[in-house]
Every structure is written in structure tokens, then in C-alpha cells.
Amino acid sequence: MSRVVSLLLGAALLCGHGAFCRRVVSGQKVCFADFKHPCYKMAYFHELSSRVSFQEARLACESEGGVLLSLENEAEQKLIESMLQNLTKPGTGISDGDFWIGLWRNGDGQTSGACPDLYQWSDGSNSQYRNWYTDEPSCGSEKCVVMYHQPTANPGLGGPYLYQWNDDRCNMKHNYICKYEPEINPTAPAEKPYLTNQPGDTQQNVVVTEAGIIPNLIYVVIPTIPLLLLILVAFGTCCFQMLHKSKGRTKTSPNQSTLWISKSSRKESGMEV
């Protein structure tokens, strides 16, 4: 129960009151400062030729110490949806493109009622949560699962093709989502997610880091700049006045006295009494 509450709070942080002030960036790991949520990475590729198969996505996540996304419950599903909405907000240039998640079916599939029960998580999770689109999974040769992300597609029987799951052939090329263990970052603000500079999508690998000391120094120094400038101006003014007075005293020497003193005695009048 506490796990569900934690994930719901995470979803609220992402979309509530603009709390997610740092945009989710493709190819970067998003972590939460409460140390309870897993970290995630959305790997989106603009170029279709750069997208990867299920196995390639799985290996890419594992090479960075993560796994292809597994979902424990509806709360975590909503959290991922919020992150995708933040990733694809208007102006980002990100549009249609499904995402591999870690659900797949091992062995030959059949279109029988038992087929949906054969799907398992590649990271070994025993979660029974599912979010299939209407009439999915179709089974057959489609053994690996994607999360729909086709905002420009016309809605089908199950509504818009957004965030529901669909089974697909494992060699198809898609984006993917990785999941990692929580990271401890004591300097990050406790109420906000933060981004780490883990390597990721080479198509859009913008490094955004948040070290605790430097931002804190900036917050302290910037407000004091006007006071520092005022002190500097006052100090400069005092120095200028003192220098000006010193020059004034130097110009007046004993030989340039304003008092006139005769060097010779004044001749006395020749009048006698």
C-alpha cells in the first residue's frame, strides 16, 4: 500500500501545480529525491532508423545497470504517462513512436485464452498488472510488448492509441523505457525530481545536472550583488574625494603662499621732525 501511495505522490509531483520545473529529456535518467521511486529513462529517437528491437532495448538498459521497464500497478503506469506527457509537450518536436516495455512471451504463442497468461517481465518481476489495449494481446508471432504512443493516430475501438499496451513482433523498431534502482542525492530538493547525466539517446543527449553546492551558492550570491555594487560605489567615491583633497594640499607650497612678505626693509620717509 505504501508503494502505491509513493507512486501516486510521484505522479502528482510530475503534473501538479507545475512542480516538474525541469523538462523530461530523452536519453536522460529521471530520479526522485525522496529515494523511494525508481529512476526512469525515456529513450526517444526522431529518426526511425535509430529505433531498436526489443532485445536491443533490453541490452541498452542492462548496459547502464537498469532493466527494460516493468510496471507494478496503475499508480506506476500513471507516473510513466505523466513523464511521457512532459517529454512530448508542444514544442519538443516529439510525436508518434511506441515504447518498448519489459513484458514479453517466451515460446510459441497461440490465439487461445491462455495466451495473455504467458507474458512475463524480463526483469523477473511477478507483477500481474496489465494495461492492454482493446482486443490485445493478439498473440501469434507477436511476443514483445510496447506502450502505445501515437497521439496523431485516429482513435480505434479502445480510444486513442496512448499509453495502452500492444504486443508486437520483437524485431520491430521502437523507442524504449528503462527502469533503475532509486539513487541517493541528498543535495536535491526533496519535493522535486531531478535529472542525472547518464548516457542515453544520442539523438538528443542534452546533459542536465544538479550538484547541490553550486546552485546553493548562486542563490546566495545573486541577491547580494546590488549591495556589493553599492558598497563598491561608496568606496570608490570616498577614495576619489580623499585623492582630490590630497592633490589640493600638494599644490599650495611655502613658496606659493598667498601672503606677500617683502624681502627688503621698507625705506623710511626722509621727513624729519
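Let's start with the largest pocket, which is lined by 13 residues, and Val 67, Asp 123, Lys 179, Tyr 180 and Glu 181 lie nearest its centre. A pocket here is an open set of points on a 1 Å grid over the protein atoms alone, with protein on both sides within 12 Å along at least five of seven lines, and lining residues have an atom within 4 Å of a point. By class, the lining has four nonpolar, four polar and five charged residues, where charged stands for Asp, Glu, Lys and Arg.

A word of care: this is a predicted model, where local features need pLDDT of at least 70, side-chain atom pairs count only at pLDDT 80 or more, and totals for chains, interfaces and linings use all residues. Residues are numbered from 1 along each chain as its sequence is written, and side-chain values use heavy atoms, with hydrogens and water left out.

Now the whole chain. The protein chain has four helices and nine strands, taken as DSSP runs (helices H or I, at least four residues; strands E, at least two). Of its 273 residues, 37% are buried, meaning under 20% relative accessible area with a 1.4 Å probe, protein chains only.

Next, please find helix α2, residues 54-63. Which of its residues are buried? They are Phe 54, Ala 57 and Cys 61. Looking down the axis of α2, these buried residues fall within an arc of 65° (using directions from the helix axis to the C-beta atoms), so they line one face of the helix. They pack against β3, β4, β6 and β8. After α2 comes Gly 65, with a positive phi near 85°.

How values were computed:
Buried < 20%, exposed > 50% of the residue type's maximum accessible area, 1.4 Å probe, protein only. Contact = heavy atoms within 4.5 Å. 1 Å grid on protein atoms, 1.4 Å probe; cavity = no way out; pocket = protein on both sides within 12 Å on 5 of 7 lines; lining within 4 Å.
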